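Here are a few notes to go through with the model open next to you. Could you look at each spot in turn?

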Amino acid sequence: MQADIKHSLYEKVEIKMQRKVDLPLTNEKIISLKAGDNLLLSGDIYTARDMAHKRMYEMLERGEKLPITLENQVIYYVGPTPAKPNALIGSAGPTTSSRMDKYTPCLLNKGLKGMIGKGYRSREVVGAIKENKAVYFVAIGGLGALIAKTIKSVEVVAFEDLGTEAIRKLTVKDFPVVVINDAFGNDWYKEGQERHLLNE
């Protein structure tokens with residue numbers, strides 16, 4: 001029942017008009033974003049999944065400098081499939097975000113401002129998003145091939161030994177996302193479920 005409600009939100013809950021946002025994220029841009037906003041992101045984002053997050057977390061624990069600058073940046077939780085001939089990248093659908101929850105508050109404290117994935121975040125992560133004036137977006141699961149078409153360039157920038165889980169810098173154009181957790185502590189999943197249940 002819970003999963004059915006969540007998946008129906010995209011169809012049954014009214015969301016705000018689609019708008020374009022250029023990256024990187026600034027504080028001014030972040031405070032203009034509200035849970036439920038439907039956005040098209042353009043600019044540079046980084047990819048990182050479980051193994052890359054663990055490695056970055058351990059580097060910070062040791063006091064080492066990270067191979068990428070996190071300040072005002074967005075991380076997309078994805079491990080793209082190998083690219084087909086003449087393609088920049090393979091399917092690039094989002095990974096379940098909760099797998100990164102253990103490491104996320106630490107990265108937010110280091111300046112990370114946006115994350116893209118799918119599914120819920122822990123209470124600790126939602127609190128850290130609010131505390132650090134950041135934002136959590138979801139990309140629609142199951143649209144990996146479509147999302148890949150919004151990616152205009154790909155460059156491996158760190159942890160090449162991790163293969164598909166290496167950190168890549170992607171330049172995207174009109175990458176579709178929905179704001180789930182905004183900088184004010186609002187949660188679109190919760191708001192959407194409440195509205196959905198009221199309309200049943």
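This is a predicted model: local features need pLDDT of at least 70, side-chain atom pairs count only at pLDDT 80 or more; totals for chains, interfaces and linings use all residues.

1. Asp101 is buried, with a relative accessible area of 10%. You'll find Asp101 in the loop between strand 3 (74–76) and helix 4 (104–109). A polar atom of its side chain sits 2.9 Å from the backbone nitrogen of Ser122. Leaving aside residues up to four places away in sequence, Asp101 touches Arg121, Ser122 and Val125.

2. Next, Leu60, in helix 3 (residues 50–61). Leu60 has 19% relative accessibility, so it counts as buried, the cut-off being under 20%. What does Leu60 touch, not counting residues up to four places away in sequence? The list is Leu66, Cys106, Leu107 and Lys110. Lys110 is 50 residues from Leu60 along the chain, yet their C-alpha atoms are separated by 9.3 Å.

3. Now some backbone geometry to check by eye. Most residues other than glycine have a negative phi, and most peptide bonds are trans. Leu23 and Pro24, however, are joined by a cis peptide bond, with omega about 10°. Pro24 belongs to the loop between strand 1 (19–22) and helix 2 (27–31).

4. Asn72 has a positive phi, near 65°, and is not a glycine. Asn72 is in the loop between helix 3 and strand 3, and counts as partly exposed at 25% relative accessibility.

5. Lys133 also deserves a look: its phi is positive, about 55°, although Lys133 is not a glycine. Lys133 lies in the loop between helix 5 (123–131) and strand 5 (135–138). At 35% relative accessibility, Lys133 counts as partly exposed.

Methods:
Residues are numbered from 1 along each chain as its sequence is written. Side-chain values use heavy atoms; hydrogens and water are left out. Helices (H or I, at least four residues) and strands (E, at least two) are DSSP runs, numbered from the N terminus. Buried means under 20% relative accessible area, exposed over 50%, partly exposed in between (1.4 Å probe, protein chains only). Contact means heavy atoms within 4.5 Å. A polar contact is a pair of N or O atoms within 3.5 Å; within protein, one must be able to donate a hydrogen and the other to accept it, and residues adjacent in sequence count only if both atoms are side-chain atoms.
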